[in-house]
Amino acid sequence: MSIVVVGNGMAGSRFVGELRSRDAAAPVTVFGAETQRPYNRVLLSNVLAGVTRPDHISLVDAAWYASHGVDARLGVEVTRIDCAAKAVHASDGTVTPYETLVLATGSTAFIPPMPGLRDGLPLGALVFRTLDDCHRITELADTARRAVVVGGGLLGIEAARGLMGRGLDVTVLHLAGHLMERQLDPAAGKVLARTLAALGIGTRLQANVAGLRTAGGAVTGVELALPGGGTETIGADLVILSCGVRPEVSLARDAGLAIGRAVIVDDELRSVTDPSVRAIGECSEHRDEVYGLVAPAWEQAGVLAGLLAGTDPAARFTGARQITRLKAAGIELASMGETHFGDDDDDVEIVRFTDSTRGTYKKAVIRDGRLIGAILLGETSTAGTLTRLYDRAAPLPAERLGLLFPGLGAAAEAGSPLRMPDAATVCQCNNVSKGQIRACWQAGARTAADAARETRAGTGCGSCRGTVEGILAWLDEQDPAGAPDSVDVA
Ligand SMILES: Cc1cc2nc3c(=O)[nH]c(=O)nc-3n(C[C@H](O)[C@H](O)[C@H](O)COP(=O)(O)OP(=O)(O)OC[C@H]3O[C@@H](n4cnc5c(N)ncnc54)[C@H](O)[C@@H]3O)c2cc1C
C-alpha cells in the first residue's frame, strides 16, 4: 500500500518512524514544507532560552530516510489534494499518487487582524512556531533592548522568560484577566504574574492590542486600546505574537474533507468523509477535541502505524488527557485537567495552598474521590504523583495533604519509585511506564540517556528525566550488581 504523508513535524515524522519499524517495505513518501529534518518543536523554548542547542533537537538522523527507503521531500509543500484521483500536487511540480494519505500538517501561529499588518509582519515582529522563527528571534534579540510578548499563554510565557534570560526588558500583554487562563484559575494566574515580576518580566492583563507601531518598516511598539477610550503605546524593538494557533487545514478544506476546527476523524484517525485519508496531530479533530500537545500526537502516530502496517488492526485512539508543564527557568509549573472549579461548586472537593510571597500555589480538584484537575506552581515535587493519579483516575488516599506536599501521606509514597506500580506512566509524551524503564534497566540501561535510547522516555518535553533518573538510581540501589530485580512493587 503506498502511503503519502503531508507534514513532517512531530506527528508526521513519528508516524513515518513507527510505520517503518513495523513494515520495512511499504512505499512511503513524506512531504515537509520546512527545509530542516524534523525536530522537537517542544524544545524550541529551550533553544530560545539558550539552554539547548538547535542541532540537539533533531528527531531523525541525516542518513535515516535513505537507509529506510523513505522518500522524504524536505522543503516541498503540498499545494493540492485531488481526492478523486488520489494524488497530491506539490510545490516542486510533482504529482504523487497515494492509496492512503496521512495529513499531519499541524497548526500555524494565529496573527490577530490589526492595523499595521496589511503587508505582513514588520521587521522585528514575529511569531514563534518554527526553528526558523526561533533563529530569527535569537538573531534580533542580540541587538534588541525592549521586547513585548503579545499573549500570556504557555508559549508566550516561555518566550518571555527566554528573552528576559537574553538580557531584554520584557513585557507580556494578555487579553484575558489572568495569565494562562486555559490551564490556571485566577488565583494561580495572579501568583504566576508575581513570579514573573520577581524575575523582572512585566505583565499587563486585559490588554487590548489595537495595532503595531512601525517606523521605516520596523516595529517600534505595540499600541493598546484603553478601556475609557484612547490608546497607549508600549515601546518595543522586538514583538513576539503568541496569540494561539489554528489547525492548518486549508488543503483538507479545499479537497472537500469534513472540517470542524480541524479534520474530523474517527477512532481509527480516518476522515469521516474520505476513508483513504487519515489525519493525526494538531490538524485532526477527534471526538470534538483538537489537541495542542505532543503526547496525543505521538499516540495517534503509533495507533495509525499499527493500523496501516497491519500489525495492530484493533488499535484505536480513544482520546488523551491533557497535562501541561511550563519550561521556563525559575518558574516551576504543572497543570492538568479541570482546574477552574472553586469552593462554591458543590460536587467537587478542593484542596488548596497559597503562599503568594514565595510564588507557591497548589490546588487539587477532586470529584467522587478521584483527581480531576490540579495546579502546582512554584513547587512541583508531587507533579509525578498527581499526573499518575489523574491519568489513571485512581482512587485517592484519604490523606489529601500528600497530594500537594512531598513526604506527607500515602499519595506521596505512591510517587516513590518503590511504591510506584509498574503500570504507572513515567513519560507522558511517549507513554512510557515504570515497567518499561525497569525492563530496560534489567537489559543493561544505567543512565537516563540509555533509557531514552531504549524507550524514548524523556525525549519529548524532557520534564520526566528526573523521575527516570530516580527510578534507575533506585533500581541500582536494590541490586547494584545489576541482576534481574526481584522486589515486587506492582
Ligand atoms: C515553542 C513551542 C513549545 C511547545 N511546548 C510544548 C510542550 O511543552 N508540551 C507539549 O506537549 N507541546 C508543546 N508544544 C506543541 C507541540 O509542539 C505540538 O503539539 C506538536 O508539534 C504537534 O505536532 P504536529 O505534527 O501536529 O504539528 P507540527 O509539529 O507543527 O508539524 C506540522 C508540519 O507540517 C508541515 N506542513 C504544513 N502544511 C504542509 C504542506 N501543505 N505540505 C508539506 N508540509 C506541510 C509544517 O511545515 C510542519 O513542519 C510546543 C510548541 C511550540 C511551538
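Predicted model: local features only at pLDDT ≥ 70, side-chain atom pairs only at ≥ 80, totals over all residues.
I began with helix H9 (residues 383–391), where seven of the nine residues are buried, so the helix is largely enclosed by the rest of the structure. I take buried as under 20% relative accessible area, exposed as over 50% and partly exposed as in between, with a 1.4 Å probe and protein chains only. Helices (H or I, at least four residues) and strands (E, at least two) are DSSP runs, numbered from the N terminus.

Residues are numbered from 1 along each chain as its sequence is written, and side-chain values use heavy atoms, with hydrogens and water left out.

Which residues of H9 are buried? I listed Ala383, Thr385, Leu386, Thr387, Arg388, Leu389 and Tyr390. After H9 I came to alanine 393, which has a positive phi, near 45 degrees.

Next I looked at strand S16 (residues 238–241). Leu238 and Ile240 point one way, Val239 and Leu241 the other, and all are buried. Strand S9 (residues 125–127) runs parallel to S16 and is joined to it by three bridges; two strands pair if DSSP finds at least two bridges between them. Here alanine 125 sits opposite valine 239. Strand S10 (residues 146–150) also pairs with S16 in the parallel sense, over four bridges, and valine 149 has isoleucine 240 as its bridge partner.

Then I turned to the ligand. Around it I found 30 residues, of which Ala11, Glu34, Arg129, Glu282 and Lys327 come nearest; a residue is near if one of its heavy atoms lies within 4 Å. By type, the shell divides into 15 nonpolar, nine polar and six charged residues, where Ala, Val, Leu, Ile, Met, Phe, Trp, Tyr, Cys and Pro count as nonpolar, Asp, Glu, Lys and Arg as charged, and the others, Gly among them, as polar.

Where does the ligand lie relative to domain 1 and domain 2? Domain 1 (3–107 + 246–309) and domain 2 (125–243) both give residues to the shell, so the ligand lies between them. The domain bounds come from an automatic or database assignment.

Finally, I checked two atom pairs. A polar side-chain atom of glutamate 282 lies 2.5 Å from a ligand oxygen atom, and a backbone N or O atom of alanine 33 lies 3.0 Å from a ligand nitrogen atom.

Note on methods: Polar contact = N/O pair within 3.5 Å; in protein donor to acceptor, adjacent residues only side chain to side chain.
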